[in-house]
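Here is a short briefing for a reader who is new to this structure. Keep the sequence and the 3D view at hand while reading.

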Amino acid sequence: MRKILIPFLIIATVFTSCKNDKEDDVPSSPKENFALYKVVDQTIYDIMSVYYLWNNNLPRYRRSENRNPESYFESLLYTDDKWSFIFDDYEELDAELEGTPYSMGYSPQFHYYNGTSNVMILVEYVYPNSPADVAGLKRGDIILEVNGKEMTPDNYYNLYSEESATYTLGIYNAATNQFDDGEKISIIATEIEADPTVYDTIIDVAGKKVGYLVYTQYINSEKYLSHINEIFDKYIVSGVKDLILDLRYNGGGDVTVAQYLASNIVPATVVEGEKVFTSFVYNDILTYAYKGDDENFSVKFENTGHNANMENLYVLGTQGTASASELTTIGLMPYMNVTLIGENTYGKYTGMFVFDKREQGCSGLNNWAIAPITMKYANADGYTDFVDGLTPDYKVEDDLLSAYQFGDLNDPMLATAVSLISGDANPLSAKAAHIKPFQYIGRDKSVLNNNLYKRVIVNE
């Protein structure tokens, strides 16, 4: 991962808060935790004082608080900050960021259904060769019960997180607009290879070779980057100049991976010219600290050795398309034809650094890791602050209730891209509407969802 090699700064200045101090009750924990909390909280505050994008809005630090680190961290966050997070086990966080989580191996969407408080899961995708894949779970499947229990707002995430589970699948009855119980499948979680390139193929469209790549997370893993290279080498051999990049469930990840993927896509002249992929804006402290080091203010396209010299990019996006996915999309816009198909994206134009006790000056975090927002990003044209997300050029609903498998040309989003490539003047295919018997709650609470990050390692 890219290393930010600057000293960790401890700033003694006391900042005046623009928001009210938040009083939290001392957690009901053993007294021996209080001394630990004090050290962790002090370290959190020191890091936030230097790196947090909105550090001028921090409340004053009160040394006698002894708050639980999670509630303390949240009390520091600026009103507009929906993304900074704290994690209580940095090694578990590492596993997720490196793409080797302990998991069933599928990506869920949670919904209320049938006008009740019951919760169901719609499966967005399944990682190949994962326990879920082996058990036969697939994209578009409906899960109504876990271990014989109906899911509710109070228990659904705990049930989803079970390490061993029997799922009762649902069958949608269009005539009654209800869900009926279907088969049961049992799955046991294990450490999986969460390779984000879950599907790829080359499609023949009116005599053109068109690449189709489903990419689900920006994970910095040599093995996963090698897989990307293999795919783009196939594109090069086949003469692919049009790429359909399916980011509809990609909530973000490592900025250097976004740079890498974009460098494989962009026209070769852009790589050769070392053009800017993205630029960053920091708080006043970091702006001064990074002065004279251009690498901290911008990221340029790089020569990966696998550039396919693409001409046209078609991005499939939804509300689940966030951060590093949005960065990839806007970062390529100044240099090639980029068409966005689907729904408005999430709208996250900020990034974060990840800190844990291995970084210089951060040993006081103990086993905690924090990821505060540290920057805003923009493309080479200065485009940023897209608070309402990126607006699609062609609006197409992602309907998981009647989902097609990846690569199926009946999938409305994929079909729209293919129609555009073939020259269809009216690419939107008609599809019968139905009343959705569910209400969206959210997705997996993965730290990668809706986040763009860089690791900060300063003590090597």
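In this predicted model, Phe232 is in contact with residues beyond its neighbours within four places in sequence. These contacts are Leu213, Leu243, Leu261, Asn264, Ile265, His306, Ala308 and Met310. Phe232 also belongs to the largest nonpolar core, which holds 81 residues.

**Nonpolar cores**

- Three members of the largest nonpolar core touch the most other members: Ile44, Phe232 and Ile265.
- Another core, of 32 residues, lies apart from the largest one. Among its residues are Leu122, Tyr249, Leu401 and Val418.
- In soluble globular proteins, nonpolar side chains tend to be buried together.

**The chain as a whole**

- The protein chain has 460 residues, and 57% of them are buried.
- Its secondary structure comprises 11 helices and 23 strands.

**An open sheet**

- Six strands form an open sheet with mixed pairing, in the order E10-E11-E12-E16-E17-E21.
- Strand E10 (197-205) and strand E21 (394-395) are the edge strands. Each of the two pairs on one side only.
- Strand E12 (residues 242-246) and strand E16 (residues 312-317) run parallel and are joined by 5 bridges.
- Leu245 stands opposite Val315 in E16.

**Helix H10**

- Why is helix H10 (residues 324-332) described as largely enclosed by the rest of the structure? The reason is burial: 9 of its 9 residues are buried, so the rest of the structure largely encloses the helix. Buried here means under 20% relative accessible area.
- The buried residues of H10 are Ala324, Ser325, Glu326, Leu327, Thr328, Thr329, Ile330, Gly331 and Leu332.

**Cavities**

- How many cavities of 30 Å³ or more does a search of the whole structure find? The search finds 2.
- The second largest cavity holds about 50 Å³ of space.
- In total, 12 residues line the second largest cavity. Closest to its centre are Glu397, Asp398, Asp399, Asp411 and Pro412.
- By class, the lining of the second largest cavity has 7 charged, 4 nonpolar and 1 polar residues.

Key:
Residues numbered from 1 in each chain as written. Predicted model: local features only at pLDDT ≥ 70, side-chain atom pairs only at ≥ 80, totals over all residues. Heavy atoms only, no water. Core = buried A, V, L, I, M, F, W, Y, C linked by side-chain atoms within 4.5 Å. Buried < 20%, exposed > 50% of the residue type's maximum accessible area, 1.4 Å probe, protein only. Contact = heavy atoms within 4.5 Å. 1 Å grid on protein atoms, 1.4 Å probe; cavity = no way out; pocket = protein on both sides within 12 Å on 5 of 7 lines; lining within 4 Å. Points joined across faces, edges and corners; volume = space filled by probe spheres on them. Nonpolar A, V, L, I, M, F, W, Y, C, P; charged D, E, K, R; others polar. Pairing = 2+ DSSP bridges. Helix = DSSP H or I, 4+ residues; strand = E, 2+ residues; numbered from the N terminus.
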